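Here are a few notes to read alongside the model. Have a look at it, then go through the points in order.

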Amino acid sequence: MLGSMANADMVSFFADPNSTTNGTPTGVSLNGTVEYSYTSGSVGQVVFSMTNTTSSSIGGFLTGMVFNIDSIDSGASATLSSTSDSDFKDTGAEAANPFGTYDAGAALKSNWTGGGNPSKGIGVGISSVFTFTVNASDAASLSAMSFLGEGDDIALRFRGLNNDGSDKLQVTTEDPALNVVPLPTSVWAGGAMLGLGLGLRRLRK
């Protein structure tokens, strides 16, 4: 147990709006963490905790998530061992077009693309936890990043938006809400000159 705790680590991730497969981003959003801990031998445990942070004006449900295992073991696998949402079932290796095929995951009716009624998914403001048992020859050397990669190792599926739309996304470690577009240099220069002018005006007074 102490060895498992010592090897546990966690990384935060967010739905990446720039990875949308739609022509324009739908506005769906998600915050999550992936935590990995080594158990023993060739076994480890990975836990995904996710919250659907989409605005209620957009709506929609997370209906599936799949992930890859960055392992030197070509036969590495992960099996869903527990979840806080019993409507989600183990997918095993799953095609998540157009992103490709992933090693493991959980989705409504074990189907990342479909899965029936989307309202069974994770709705706006709702959180869920998915725990997987990992089997890999290098389980002892894996980490949380082994399931995240550059963000392309996780694929999310949203359906049932208020406009009847849907979305397919990958993830990023950078919070999109904190990405502020910098002002052009000319604007900063103009602001600086304005401040200088105001300062001189006060001195003259």
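**Notes on the model**

1. Let's begin with a side-chain pairing: Ser71 and Asp138 make a polar contact through their side chains, at 2.5 Å. (A polar contact is a pair of N or O atoms within 3.5 Å; within protein, one must be able to donate a hydrogen and the other to accept it, and residues adjacent in sequence count only if both atoms are side-chain atoms.) Bear in mind that this is a predicted model, where local features need pLDDT of at least 70 and side-chain atom pairs count only at pLDDT 80 or more, while totals for chains, interfaces and linings use all residues. Residues are numbered from 1 along each chain as its sequence is written, and side-chain values use heavy atoms, with hydrogens and water left out.

2. Where does Ser71 sit? It is in the loop between strand S4 (59-67) and strand S5 (77-83). Strands here are DSSP runs (E, at least two residues), numbered from the N terminus. Setting aside neighbours within four places in sequence, Ser71 is in contact (heavy atoms within 4.5 Å) with Ala76, Ala136, Asp138 and Leu142.

3. Now the aromatics. Rings of Phe, Tyr and Trp (its six-membered ring) pair if their centres lie within 6.5 Å; planes under 30 degrees apart are stacked, over 60 edge-to-face, and the rest tilted. That rule gives six aromatic pairs. Phe67 and Phe132 are edge-to-face, because their ring centres are 4.9 Å apart and their planes stand at 75°. This pair ties together distant parts of the chain, with Phe67 in S4 and Phe132 in strand S10 (residues 127-135), 65 residues apart. Both Phe67 and Phe132 are buried (under 20% relative accessible area, with exposed over 50% and partly exposed in between; 1.4 Å probe, protein chains only).

4. Phe67 has another partner: its ring centre lies 6.0 Å from that of Phe147, with planes at 65°, so this pair is edge-to-face too. Phe147 is in the loop between S10 and strand S11 (154-161), 80 residues from Phe67, and Phe147 is buried as well. Ring pairs join Tyr36, Phe48, Phe67, Phe132 and Phe147 into a cluster.

5. Next, S11. Seven of its eight residues are buried, so S11 is largely enclosed by the rest of the structure. Strands pair if DSSP finds at least two bridges between them. S4 and S11 run antiparallel and share seven bridges, with Val66 partnering Ala155.

6. What joins S11 to strand S12 (residues 167-172)? Four bridges do, and the strands run antiparallel. Ala155 stands opposite Gln170 in S12. The S11–S12 hairpin has five residues between the strands, and Asp164 takes a positive phi near 70° there.
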